[in-house]
Amino acid sequence: MSIVLKGLSKTFGQFPAVKKVELEIPTGDFVALLGPSGSGKTTLLRLIAGLEGPNSGEILFNGEDFTAKSVKERKVGFVFQHYALFKHMTIFDNIAFGLKVRPRKHRPSKEAINSKVEELLKLVQLEGLGERYPSQLSGGQRQRVALARALAVEPEVLLLDEPFGALDAKVRQELRGWLRELHQKLNITTVFVTHDQEEAMEMADTVVVMNNGRIEQTGSPENVYENPVTPFVYSFLGRVNEFRGNSLENYTPYGVDKPFSDKEVGYIRPHEIGLSRTFVNNSYPAEVSHVNKVGAAVRIELRRLDTDDLFEAELSAEKYNIMGGLKRGDQLFAEFQNLVIFNGNTLRNSEFELPPSNLVLRPEEVRS
Amino acid sequence: MKINNKKHRVLPGFGLSMGYTIIYLSLIVLIPVTILFLKASTMSLADFWETITNERVIASFKVTFLTSFIAALVNAVFGALIAWVLVRYDFFGKKVVDALVDLPFALPTAVAGIALTSIYAPNGWFGQYFELLGVKIAFTQWGIIVALTFIGFPFVVRSVQPVLQDMDFQYEEAARTLGANSIQTFLKIIFPAILPALLTGFALAFARALGEYGSVVFISGNMPMKTEIVPLLIITKLEQFDYAGAAAIASVMLLCSFFLLFAINYWQWRSAKKHQAG
């Protein structure tokens, strides 16, 4: 089922939680609503489910106006952050609940319910645990029961609120891959809320970045990571260095020497910074303050000697070895040619004659 | 080497606190109750049996247990309803209504009995209209039920209220997303969650009603075989200096109450067990 949100707003008392949100989700898409706490992502999910009513705007399911429809009529599967399993019911009864409460005419026979529940238990890999109570299961198992329960009613949209928020890192990692697979198998339009950018990037087909009740950017994980359209998205996704004031005054890669106001902020990702031992065009002297060699990438913390800004650069282990190893106090030259400058919320680079990606050589290329 | 296997306890001194508990319970409950049984045992078995199987005594047992049970049942239903309203809705004067709930505890029961009698007597405010319908309330078992409902009223409200307050909306929302209507949500989700508290409240109201004397004597009319309750019968025996007889009736009353309350508590415990954190 496709979902379209048109100018959707929701206010709690005086507090606007969701502000004029426009969003289109095609059938079968796997969407992450990503944002910090208080960004309105959960409220947006609850609006789609019908657990909250919007103050204004429209919600279309398959092109049909569902704004005024009740939760029941929307036929959505909803998985709650803390599972909300019914404690006094067995796992079996929890999963069967949605089928058992159907009006007699539409209720499947007892045998049909049994086989459906067994099938779902198998799907979520909890066969044989039907007779247990929720309190006897681990967090990850409860999460899967919650999912099976939501799937039992054969929803056309699956909505998950911080599905792995309460689980430890290892279980979370397992469940991510598993949910991704499940989505491929069932191909139900799925929307999940998360504040964990890694989770959103890893699982979703489409990432919707939210902040302050608004959508900042929508796109594929690669797209939002590579081409953030607002400073918020830049700073929220992945590691990033921020430069202001003086550091920008000296930044004149295109030969345009415009004065920078204090509203202007430059962003660059650590892996986009080029490092070399010798001076190259437009590079700035910097001193190594810390080297972290864990994993495939080497993280180097540096201090610019001209402006005293601290920043982080990232090299592959291979490149790092070619450079011959670094230690605290080494002096290097750093290039910031991919620096993206925002004035408020607008991209400053676009004021220059050429977009930076066409002009700038990747720092790695410059260096080698 | 000495290995310390003791579990850490929040309050130290298990021996001291347990000893205190037992002494306290003995002084307040066990010793007076034992005296009661001792007094009853001064009778011969035949006398004892004759006293407690007396027609009038049996009738008063029936009246007491029946009216107490109905009153507790009424309180369970309406107490839960009031707790629901107090927790789930905001309205003007909610704090006042909340405070009113405790009033039956504060009022001397005799005052309550007199007030209820004057209202429900055949010429009272409400009584006159019931009279038109041919229903007598004061001086019948209905009157006893009204008085017992009044004095047991706060128990259910006060036991259910905190449970409802703590109940997460999530469960209701989950039920709704799964397609349950309001009645199904209440019966299958909310009711099982409040059932243990409801049973506790019911047991308390029931126990309170079994022992109630002050308010009932005014409204019941105290007609032997019809509206005479056990506590009244005990007082009557005492006034006739038949201490052993009074103790005999009281001890039977006590045993019956104990087993009933034990059964209710067991049921409460069983339904609460399912509701452990999950």
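This is a predicted model: local features need pLDDT of at least 70, side-chain atom pairs count only at pLDDT 80 or more; totals for chains, interfaces and linings use all residues.

**Chain A and its domains**
- In UniProt, an unreviewed entry carries the annotation "domain: ABC transporter" for residues 3–237 of chain A.
- That span, residues 3–237 of chain A, is 37% helix and 26% strand, and its end C-alpha atoms are 25 Å apart.

**Where chain B meets chain A**
- On the chain B side, 17 residues are in contact with 22 residues of chain A.
- Two or more residues of this side come from each of α9 (169–177) and α10 of chain B, and α9(B) gives the most, with six residues.
- By type, the chain B side holds seven nonpolar, seven polar and three charged residues.

**Two helices packed in chain B**
- Helix α8 (residues 141–166) and helix α10 (residues 182–211) of chain B have axes that come within 8 Å and cross at roughly 160 degrees.
- An angle over 145 degrees counts as roughly antiparallel, so α8(B) and α10(B) are roughly antiparallel to each other.
- Their crossing, α8(B) with α10(B), is right-handed.
- Residues making this contact include Phe155(B) and Val160(B) from α8(B), and Leu198(B) and Arg208(B) from α10(B).
- The contact of α8(B) with α10(B) comprises 15 nonpolar residues, four polar and one charged.

Note on methods
Residues are numbered from 1 along each chain as its sequence is written. Chains are lettered from A and ligands numbered from 1 in the order in which they are written. Axes are lines fitted to C-alpha atoms, for helices over the stretch in contact, and angles run from 0 to 180 degrees between N-to-C directions. Helices (H or I, at least four residues) and strands (E, at least two) are DSSP runs, numbered from the N terminus. Angles under 35 degrees count as roughly parallel, over 145 as roughly antiparallel, 65 to 115 as roughly perpendicular and the rest as oblique. A crossing is left-handed if the near helix is turned anticlockwise from the far one by less than a right angle, and right-handed if clockwise. Two residues are in contact if their C-beta atoms, placed from the backbone, lie within 7 Å. Ala, Val, Leu, Ile, Met, Phe, Trp, Tyr, Cys and Pro count as nonpolar, Asp, Glu, Lys and Arg as charged, and the others, Gly among them, as polar. UniProt positions are given in the numbering used here, feature names are shortened, and annotations may be inferred rather than shown by experiment.
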